Number of protein chains: 2
Amino acid sequence: MIDTKQKILDAAEQLIGDQGYAATSLRQVIAAAGVNLAAIHYHFGSKDELLHELLVRKAGPVNEKRVELLERYAAEADGAPLPIEKVLDAFFAPMVETADANPQFVRVMGRIVVEGLLPAVVQRSFQPMFSRFVTALRRAVPHISEEEFQWRIHFMTGVIAHTLCGVPGGNFQERIDRLIRFLAGGFHAPGVRGAER
Amino acid sequence: MIDTKQKILDAAEQLIGDQGYAATSLRQVIAAAGVNLAAIHYHFGSKDELLHELLVRKAGPVNEKRVELLERYAAEADGAPLPIEKVLDAFFAPMVETADANPQFVRVMGRIVVEGLLPAVVQRSFQPMFSRFVTALRRAVPHISEEEFQWRIHFMTGVIAHTLCGVPGGNFQERIDRLIRFLAGGFHAPGVRGAER
DNA sequence: GTCTATACTGAGATAGAC
DNA sequence: GTCTATCTCAGTATAGAC
């Protein structure tokens, strides 16, 4: 069958979203997909590569929409720096759409981040998209030092990671709104000790 | 030897801090500790229990200091709600001390959180300490709804997790200061859409 | 009580027949 | 392309030596 690959991907997405990546064995995947164990290594090479292909297939279109949206906002702003909330909106809105159409994939993404596998994924596939958002954020918070900014990017990554993996129940859009408010507050904070509060 | 247990704990701390919990095999631990494989299961029962004992041994004193510090601040404030920065300071200061004396353990904690093992640990050992800090934070941000507050606690957990696991190099105290500023900004953010930025 | 030797089960990976 | 058989290594369990 030519859709053996697809069956493996579908089964893997379901299981990894439910249980996490490490907790999902390839033997569970082949049982759910109804294929042979060696088929995974034939089509993907390894468990890691299976995950990677799962991610790029689904995340690719989302990342494209993110960049598109960011550029549209930038064009509308006519050269002025975008407010943080706008940048974050461009980042999350395409994911919210995806969450409606395919909630399981969002859960997979959350698992990936929480299990510490995101850096490798970003390095391989998300880098161009991510760089543009970092640039846009930098323009939104010129009041802090570069070092402080880099740390805030780091903090933001942690929050996003932790949040995506939350309970799937509840309104996803609402959760993202709360997240954006929190992150914007963090980025707007003064860069040095003093007048906070 | 009666310090077989200690040798196992020391070796495990080193390896888990460097590689993470999942990536560290018990066979690596026994090789580094110079003991027999079954000794681990004799003294601890399982890999999970080994981790748990490692955490409570080191984190116990830190958590006690945290509560002490929080109560001292509360006494000094004479019943008034503590500002967020003060609450977070009580939480992190004891960890900074620990980080100076034992940086490896801080890395272990970070690994734990990033690998998603923290909920179980908190449930078993950190609950009383954690509850008091949540209460103190709640008093510091009365302007948001309870649901919004719970989410911000969730966001905070994610940031802390992600940050502890960062590169060990650099000034830990400075990193914590940046973290506190960011978190305070997030907690101070308005609770509903409107006037932000 | 403490520890060693050894075996059991299930994981990911691989070679080679069809 | 697919499957069978097998390899290595993980965590775990137990029997028995000191």
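Helix α7 of chain A carries a kink of about 90° at F126(A), shortly before the proline P128(A), where the bend at a residue is the angle between axes fitted to the seven residues ending there and the seven starting there, and where helices (H or I, at least four residues) and strands (E, at least two) are DSSP runs numbered from the N terminus. The model is predicted, so that local features need pLDDT of at least 70 and side-chain atom pairs count only at pLDDT 80 or more, whereas totals for chains, interfaces and linings use all residues. Residues are numbered from 1 along each chain as its sequence is written, chains are lettered from A and ligands numbered from 1 in the order in which they are written, and side-chain values use heavy atoms, with hydrogens and water left out.

A straight helix of 23 residues would span 33 Å at 1.5 Å a residue, but α7(A), residues 118-140, spans only 25 Å between its end C-alpha atoms; the expected span of a helix is 1.5 Å times one less than its number of residues. The buried residues of α7(A) include F126(A), M129(A) and F133(A), buried being under 20% relative accessible area, exposed over 50%, and partly exposed in between (1.4 Å probe, protein chains only). These buried residues of α7(A) pack against α4 (47-77), α5 (84-101), α6 (103-114), α8 (146-164) and α9 (172-188) of chain A.

Two of those partners, α4(A) and α5(A), also pack on each other, at an angle of about 145° and with their axes 8 Å apart; axes are lines fitted to C-alpha atoms, for helices over the stretch in contact, and angles run from 0 to 180 degrees between N-to-C directions. The loop between α4 and α5 of chain A holds D78(A), whose phi is near 60°, a positive value in a residue other than glycine. D78(A) is exposed, with a relative accessible area of 69%. Most residues other than glycine have a negative phi. In chain B, D78(B) likewise has a positive phi of about 60° although it is not a glycine, and D78(B) is exposed, with a relative accessible area of 70%.

How are the two chains related? Chain B can be laid on chain A with an RMSD of 0.2 Å by a turn of 179° and a shift of 0.0 Å along the axis, copies being superposed by least squares on the C-alpha atoms of residues with pLDDT of at least 70 in both. The two copies are therefore related as by a two-fold rotation axis. The same surface serves both copies, since 100% of the contact residues of chain B recur in chain A.

A residue that reaches across to the other chain is R178(A), which lies in helix α9 of chain A and is buried, with a relative accessible area of 5%. Not counting residues up to four places away in sequence, R178(A) touches E147(B), E148(B), W151(B) and F155(B).

Within chain B, helix α6(B) is mostly covered, with ten of its twelve residues buried, including F105(B), V108(B) and I112(B). Its twelve residues, 103-114, should span 16 Å at 1.5 Å a residue, and the end C-alpha atoms are 17 Å apart, which agrees. Just after α6(B), G116(B) takes a positive phi of about 75°.

Methods. Contact means heavy atoms within 4.5 Å.
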